[in-house]
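Reader: I'd like a close look at one part of this model, the charged side chains that pair up. Could you walk me through them, and then show me what the nonpolar surface looks like?

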Amino acid sequence: ERGGNNSFTHEALTLKYKLDNQFELVFVVGFQKILTLTYVDKLIDDVHKEFRDKYRNEFQQKGTLGLLNGTFDFKDDFMRLLRDAEESSKVRAPTVMKTFEQSLKSQKTVKCMIETRGEKPKEKVKNKKNKGSKKEGIEAVATPGKASAGDKQPSAAGEKEELTKDEILQKNREEFFKRHMKAGEKSRSPKPEAQKEKGKKPRVWDLGNSNAKVLDYSNSATNGSAEACPVEEFDPDIALGDRNREPGRLYDLEYESDDEAEEEKVIQNPSKPSTKKGGLGGMFGMLKGLVGSKSLTREDMDPVLEKMKDHLIAKNVAAEIAVQLCESVAKKLEGKVMGTFTTVTSTVKQALQEALVQILQPQRRVDVLRDVMDAQRHRRPYVVTFCGVNGVGKSTNLAKISFWLIENGFSVLIAACDTFRAGAVEQLRTHTRRLNALHPPESHGGRIMVQLYEKGYGKDAAGIAMEAISYARNQGFDVVLVDTAGRMQDNAPLMTALAKLIAVNAPDLVLFVGEALVGNEAVDQLVKFNKALADHSMAQTPRLIDGIVLTKFDTIDDKVGAAISMTYITSKPIVFVGTGQTYCDLRSLNAKAVVAALMKA
C-alpha cells in the first residue's frame with residue numbers, strides 16, 4: 001500500500017527496489033546514502049530483465065517451488081551488468097556551454113545596438129504592447145481599423161516625450177512627492193484625538209467583573225476535594241443517549257455497504273445490450289472489458305486509476321495521498337497475470353480496497369485498557385495528553401473518554417492545562433460535575449471517580465501537568481487526562497510550548513485530535529505537529545504522536561477520507577472516533593466499514 005515510493009533509507013544505507021508481479025519477484029539494490037550513484041535505476045532495470053529472461057522457463061514450469069529449490073548462477077551476469085552501468089554513467093560528457101558564435105547575441109550587428117534620440121527600438125515597442133491590459137487587447141481585436149489608424153499618433157507623441165525625457169521624469173517625481181506629502185498630512189491630523197481616546201477607561205458590564213483577582217485560582221484549595229465539584233442533578237438520558245448499551249464497551253463504527261446491490265447492477269447491465277444488438281454482438285460487448293489470461297500493463301490501468309484518484313479526492317482524501325495510493329496500486333498490479341473473466345476495474349478496485357484496509361490497520365495497536373492495568377501494577381498513573389488545532393473537540397472527547405474509563409472501573413484525574421482559552425476550565429468543571437452525577441461515589445464504595453486539577457488561567461501548562469501527575473500518584477488515581485490549548489500548526493511559540501509539555505512530563509500516550517471534516521489540511525496539521533515535537537524535543541528519540549482521535553464523524557456521511565489521510569501520514573492508529581454529542585458517542589475504528597464508505601459510488 002506504500003509502493004508509490006521505490007526507495008527506503010535506513011541509517012547510512014539507501015535501498016531501491018523493483019517489483020515483478022508476473023513472477024512475484026522483488027529486486028533490491030543497496031548502497032551508501034552519501035553516494036550519488038546515477039546508474040542505480042539502470043542497473044536494477046537491466047538485472048530485472050536479464051534475470052527474468054534467463055530463468056523464465058524455470059519459473060513457468062516449476063512455479064514457486066522452482067524459486068525456493070532452484071540454484072541461480074547469476075554472479076557473472078550481475079558483474080557484467082554492473083560494469084556496463086558504471087561505464088554508461090562515465091560516457092556521458094558534461095554539458096558544454098555555447099560559444100559566442102552559437103549565441104543569438106553574435107547575430108546582432110553593432111548598428112542595431114545603437115540608440116539615437118527620437119527613435120525607439122522595435123523590441124521595446126513590442127514589449128510595451130505586450131504589457132498592455134487584457135481590456136486593451138480586446139478593444140484592439142474588436143476595432144482593428146481604429147487601432148491601425150491610432151498607432152501613428154502615439155509614435156509622434158513619443159518622439160516629443162523622448163526629447164524631454166529627463167524633464168518629464170523630474171516633473172513626475174515632484175508630483176508624486178507632493179501627493180504623498182498631502183496624504184501624510186491628512187493622516188497625521190487626527191492623531192491628537194486618538195491620543196485623547198487612549199485615556200478612555202475600559203467598560204464594565206453590569207453582570208461582569210473587571211477584577212483580575214477573581215480569575216486567579218493559584219491559591220485555591222479546591223484540587224482533590226469533593227466540594228470542588230458538587231454533584232449536579234440533570235437528566236441522564238440527555239448525557240448518555242442510548243440506555244440499552246453495554247456499560248464500558250467501546251462499540252465499532254457501523255456502515256451498511258451497498259456492495260451486493262452494486263454487484264447485481266454489474267451483472268444486469270452487460271445483459272442489456274444483448275437484446276438490442278443480437279446474440280453475438282451482446283456476447284462480444286460483454287467480453288470487451290475482460291482481460292483474460294494476459295498481464296496487466298500501465299496503459300490498461302491508467303484510465304481506471306484516474307477515476308479512482310478523482311473518487312478518493314471527492315471523498316476528502318488529501319490529493320497528494322490519493323496520487324500516492326493510486327501509484328502504489330499500479331506498481332502492485334503492473335505485470336500481474338489476470339484470471340479469466342476478470343475486468344481491469346474490478347481488479348484495481350479490489351487492490352485499492354486491500355491497500356486502504358492495510359493503511360487503517362497499522363502494525364502497532366493502542367490498547368488503552370490493557371496499558372492502564374499495566375500501569376496499575378507498577379503503582380503509577382497512566383498519562384494521556386491531548387493536542388490539536390483550535391475547535392476540533394479536544395475537551396468534549398476528553399470527557400467522553402473519561403466516561404468510558406470510569407465505566408471500566410478506573411478513576412480519572414483531568415488536568416486543565418488549557419490556561420489560555422476563556423471558559424476552558426469552566427467547561428471541564430461542568431463535565432466533571434456531570435460525570436460525578438452519572439457515577440456518584442456511593443456506586444463505587446465511596447470513591448470519587450473523576451476529579452479536576454486546575455490552577456486557573458495564564459499559568460505554565462507544563463508545570464500544571466507535572467503537578468497533576470504528582471497529585472494523581474499520591475492520591476492513587478489510575479489515569480491522568482491532560483487537556484491542552486488548541487494551537488495552529490504554524491504558530492512556532494505555541495508548538496514549542498507543547499513540545500516542552502510532552503518532553504517534561506513524558507506521557508504514556510500522545511493523542512492528536514483531528515476533525516473528520518478536513519481534507520488536504522489534515523496532512524499539513526499532522527506533518528507540522530510531528531515535526532514541531534521532533535525539533536523542540538531535547539531527547540535523542542523524541543516523542544511524536546502515538547495515536548489519533550477522529551471527531552465529528554457524524555457530520556460527514558460517507559466522506560471519510562480524513563481517516564485515510566491521517567493514518568497514511570503518521571502510520572499511527574485511530575484510537576477513538578467521536579460520533580455525536582453525548583458521553584456514549586465514542587467508537588473504535590472499523591477499517592472495513594470506513595473503506596466500504598470510501599469506495600461507495
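Author: Let's start with Lys 552 and Glu 515, whose side chains meet in a salt bridge at 2.8 Å, N to O. By salt bridge I mean a side-chain nitrogen of Lys or Arg within 4 Å of a carboxyl oxygen of Asp or Glu. Lys 552 sits in the loop between β9 (547–551) and α24 (561–570), while Glu 515 belongs to strand β8 (residues 509–515), so the pair ties together parts that are 37 residues apart in sequence. The helices (H or I, at least four residues) and strands (E, at least two) are DSSP runs, numbered from the N terminus. Glu 515 is buried at 18% relative accessibility, whereas Lys 552 is partly exposed at 28%. Here buried means under 20% relative accessible area, exposed over 50%, and partly exposed in between (1.4 Å probe, protein chains only).

Before going on: this is a predicted model, so local features need pLDDT of at least 70 and side-chain atom pairs count only at pLDDT 80 or more, while totals for chains, interfaces and linings use all residues. Residues are numbered from 1 along each chain as its sequence is written, and side-chain values use heavy atoms, with hydrogens and water left out.

Next comes Lys 528, which forms a salt bridge with Asp 490, with the closest N and O atoms 2.7 Å apart. This one also links distant parts of the chain: Lys 528 is in helix α23 (residues 521–535) and Asp 490 is in the loop between β7 (479–484) and α22 (492–505), 38 residues apart. Asp 490 is exposed, with a relative accessible area of 55%, and Lys 528 is partly exposed at 31%.

Arg 543 pairs with Asp 546, and their closest N and O atoms are 2.3 Å apart. Asp 546 is buried at 11% relative accessible area, but Arg 543 is partly exposed at 26%.

Now for the nonpolar side. Phe 8, Leu 15, Leu 19, Val 26 and Val 28 make a nonpolar surface patch of about 430 Å². Patches are built from residues with over 30% relative accessible area and no salt bridge, joining like charges within 9 Å and nonpolar side chains (Val, Leu, Ile, Met, Phe, Trp, Tyr) within 5 Å. Strands β2 (13–20) and β3 (25–32) are the elements giving two or more residues to this patch. Leu 19, found in strand β2, is partly exposed at 35% relative accessibility.

Terms used: Areas by Shrake-Rupley, 256 points an atom, 1.4 Å probe, with all protein chains shown as cover.
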